[in-house]
Amino acid sequence: MNHYSADFFYQREISQAYVRILFISTLLLAIYSASYFNLQYVAEITDHQFFSGCLLLIIAISHLLGLKKLSTQNTSIRKYFILFIDIIAVSFAIWVFDENGIVFIPLYLWVIIGFTLRFGKLFFPISLTSTYIAIIILALYHPYWIDNFALIISLLIAVTVIPLFVLKLQEDINKKNVELEYLLKEMEHHVNHDTLTKLPNRHYFYSKLHQFIKADNDFALLFIDLDGFKDVNDTHGHEDGDTVLKEVADRLKEGFGEDHFIARLGGDEFVCIYSTYHCSLLNPTVQNILKNIIKPYGIYNEISGISASIGVSRYPDDTKDSFGLKNYADRAMYQAKRNGKNQMVYYEDLNR
């Protein structure tokens, strides 16, 4: 069920207050016109009942005037207040128009269903019980409705069954929406993540890289390529190769932490967008990662010989172009391999 924010509820309450005042004013005008012109569509209303209608109008106007001081105060109390005043206003309309008042009966359904959908399930038994009381009062004291007991029973059944049906339908729709949202999130996750390592994939990486460049904050791009991975595939098979890739992904996530973006480009290539390019922070982090990657893999630590060569380019010092950043980090990574592997090389050092 939907729940309004205090501000949205206030705006909705203001508009409803104007409608309520117009509705009650129209009823009082109809009573006055009927007594003056002897109209037949309005029941004979006593002075006491007319005074009650005027009092209802005064309460509605006072509510509207008081809203300026209650924009964010006593929201729960105000919800109950407008629920009860709406039911009283509808009941008064039915009373005023006698047998023609049946045209206002759907407003009971509007109150029951509307308040429940807007304010939550708690308001269903409250609004339903309040409507029962209003209808029973009509049945006991109104001349026309006293003689139409069968219609009263039908009305009680209608205000129970129809809201239950609508609310059940709304709940089913909400459940379907939740399921669809979950499926959409699952699909989005599959589109943007690697199925083996669960890391973001190439597509997601480029999207994230453009976001970092657009934000125009300093960052470093690390291109990570595994050394010796082909030998693992050739010697142990692709299943063990997949095991290595998954464990490497875990070690990279653990090493870099959640503050930095890590992705798998494909094969044994990974990238990291490090959210700061200061060497004093990056260097010790990478050294720990390199030490961790060369540790054996597999349940029994039977897979070894893996290391990593890492190339680093920096934004905006090296370039502000996404393709250039990736290309420069790639070139620095190949230089790390030429230097003996299991190390990190900055692109800026290639030009020295």
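Modeller: Helices (H or I, at least four residues) and strands (E, at least two) are DSSP runs, numbered from the N terminus. This is a predicted model, in which local features need pLDDT of at least 70, side-chain atom pairs count only at pLDDT 80 or more, and totals for chains, interfaces and linings use all residues. Residues are numbered from 1 along each chain as its sequence is written, and side-chain values use heavy atoms, with hydrogens and water left out.

Biologist: Which helix gives the most to the nonpolar patch?

Modeller: Helix α2 (residues 47-66) does, with 4 residues. The patch consists of F51, L55, I58, I59 and F81 and covers about 450 Å². Areas come from the Shrake-Rupley method with a 1.4 Å probe, and for residues only the protein chains shown count as cover.

Biologist: What makes a group of residues a patch?

Modeller: Its residues have over 30% relative accessible area and no salt bridge; like charges are joined within 9 Å, and nonpolar side chains (Val, Leu, Ile, Met, Phe, Trp, Tyr) within 5 Å.

Biologist: Why is F51 called exposed?

Modeller: F51, in helix α2, has a relative accessible area of 52%. Buried means under 20%, exposed over 50%, and partly exposed in between (1.4 Å probe, protein chains only). The value for F51 is therefore in the exposed class.

Biologist: And why is G267 called partly exposed?

Modeller: G267, in the loop between β2 and β3 (269-274), has 42% relative accessibility, so it counts as partly exposed. G267 is 124 residues from P143 in sequence and 85 Å from it in space, C-alpha to C-alpha.

Biologist: What makes D86 and R20 a salt bridge?

Modeller: The rule asks for a side-chain nitrogen of Lys or Arg within 4 Å of a carboxyl oxygen of Asp or Glu. In D86 and R20 the closest N and O atoms are 2.6 Å apart, so the pair meets the rule. D86 lies in helix α3 (residues 75-96) and R20 in helix α1 (residues 6-37), so the pair ties together parts that are 66 residues apart in sequence. Both residues are buried.

Biologist: How many salt bridges does the rule give?

Modeller: The count is 11. Among the residues involved, D225, D227 and K337 are linked in a network. D234 and K230 also pair, at 3.0 Å from N to O; both lie in helix α9 (residues 229-236), 4 residues or about one turn apart, and both are exposed.

Biologist: What covers the buried residues of α12?

Modeller: The buried residues include L325, Y328 and M333. Their cover includes α8 (202-215), β1 (219-227) and β4 (307-315), where contact means heavy atoms within 4.5 Å.

Biologist: Which residue caps the N-terminal end of α12, and what follows the helix?

Modeller: D321 is the cap, with a side-chain oxygen 3.2 Å from the backbone nitrogen of F323. After α12 comes G340, whose phi is positive, near 125°.

Note on methods:
Polar contact = N/O pair within 3.5 Å; in protein donor to acceptor, adjacent residues only side chain to side chain.
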